[in-house]
Amino acid sequence: MPRLRAAALLVLITIAAPIIEAKKRNKAAGDRVAKLERHQCEEGPCSEWDADLKPNCVMRCQSEACYESVFGEEELEPGEVDSVRSNKFQQCLRKEKSARLAVEREMRRARRGR
């Protein structure tokens, strides 16, 4: 029995490993895009902002809607770090991007006549 379990576990790992790696690559690609977008905001419209005030500008630049939903009631104070709300903001950005990609997929399908 233990050998059978070990063999089943080995088969499962062999099958699951490529799937896990593909998900990691997709997440890494998404992270690179998000970093690029953030960098464009930092170097573009927010480049002249004071370092303590820059995070609010960058987040607004990335997504006004996500910024308002997470920080609208209480903006970050100069120099403040709020990891809980920052994580919520990142989640909002991912959801926004996912919704945008879904709309783009549907538009491509509609153009192909499906």
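Select Asn 56 and show its side chain. The side chain reaches the backbone oxygen of Leu 76 at 3.1 Å. That is a polar contact: a pair of N or O atoms within 3.5 Å, where, within protein, one must be able to donate a hydrogen and the other to accept it, and residues adjacent in sequence count only if both atoms are side-chain atoms.

Before moving on, note that this is a predicted model, in which local features need pLDDT of at least 70, side-chain atom pairs count only at pLDDT 80 or more, and totals for chains, interfaces and linings use all residues. Residues are numbered from 1 along each chain as its sequence is written, and side-chain values use heavy atoms, with hydrogens and water left out.

**Stop 1: around Asn 56**

Stay on Asn 56. It sits in helix H2, residues 54-62. Helices are DSSP runs of H or I with at least four residues, and strands are runs of E with at least two; both are numbered from the N terminus. Is Asn 56 buried or exposed? Its relative accessible area is 10%, so Asn 56 is buried. Buried means under 20% relative accessible area, exposed means over 50%, and partly exposed lies in between (1.4 Å probe, protein chains only).

Now select Tyr 67, Glu 75 and Leu 76. Asn 56 is in contact with these residues, leaving aside its neighbours within four places in sequence. Contact means heavy atoms within 4.5 Å.

**Stop 2: the disulfides**

A disulfide is a covalent bond between the sulfur atoms of two cysteines. Here the test is a pair of cysteine sulfur atoms within 2.5 Å. By this rule there are three disulfides.

Select Cys 41 and Cys 61. Their sulfur atoms are 2.1 Å apart. The link is left-handed, with -75 degrees about the S-S bond. This pair links distant parts of the chain: Cys 41 is in helix H1 (residues 2-43) and Cys 61 is in helix H2, 20 residues apart. Color the two by accessibility. Cys 41 is buried at 7%, while Cys 61 is partly exposed at 33%.

Go to Cys 46 and Cys 57. A disulfide joins them, S to S 2.0 Å. Why is this disulfide called left-handed? The torsion about the S-S bond of Cys 46 and Cys 57 is about -85 degrees, so the disulfide is left-handed. Again distant parts of the chain are linked: Cys 46 lies in the loop between H1 and H2, Cys 57 in helix H2, eleven residues apart. Cys 46 is buried, with a relative accessible area of 0%. Cys 57 is buried too, at 11%.

Next, pick Cys 66 and Cys 92. Their disulfide is 2.1 Å from S to S. Its torsion is about -85 degrees, so it is left-handed. Cys 66 is in helix H3 and Cys 92 is in helix H4, 26 residues apart. Cys 66 counts as buried, at 0% relative accessibility.

Number the bonded cysteines in sequence order, and the pairing reads 1-4, 2-3, 5-6.

**Stop 3: along H4**

Select residues 83-112. This is helix H4, with 30 residues. From first C-alpha to last it reaches 43 Å, close to the 44 Å expected at 1.5 Å a residue. The expected span is 1.5 Å times one less than the number of residues.

Look at the N-terminal end of H4. Asp 82 caps it: a side-chain oxygen lies 3.3 Å from the backbone nitrogen of Val 84. Gly 113 follows H4, and its phi is positive, near 85 degrees.

Which residues of H4 are buried? They are Arg 85, Phe 89 and Leu 93. These residues pack against H2 and helix H3 (64-71).

**Stop 4**

Select Ser 63, in the loop between H2 and H3. Ser 63 is buried, with a relative accessible area of 4%. Beyond its neighbours within four places in sequence, Ser 63 is in contact with Phe 89, Leu 93 and Glu 96.

Finish with Met 59, Cys 66, Tyr 67, Val 70, Phe 71, Leu 76, Phe 89 and Leu 93. These eight residues are the largest nonpolar core. A nonpolar core is a set of buried Ala, Val, Leu, Ile, Met, Phe, Trp, Tyr and Cys residues joined through side-chain atoms within 4.5 Å. H3 gives the most to this core, with four residues.
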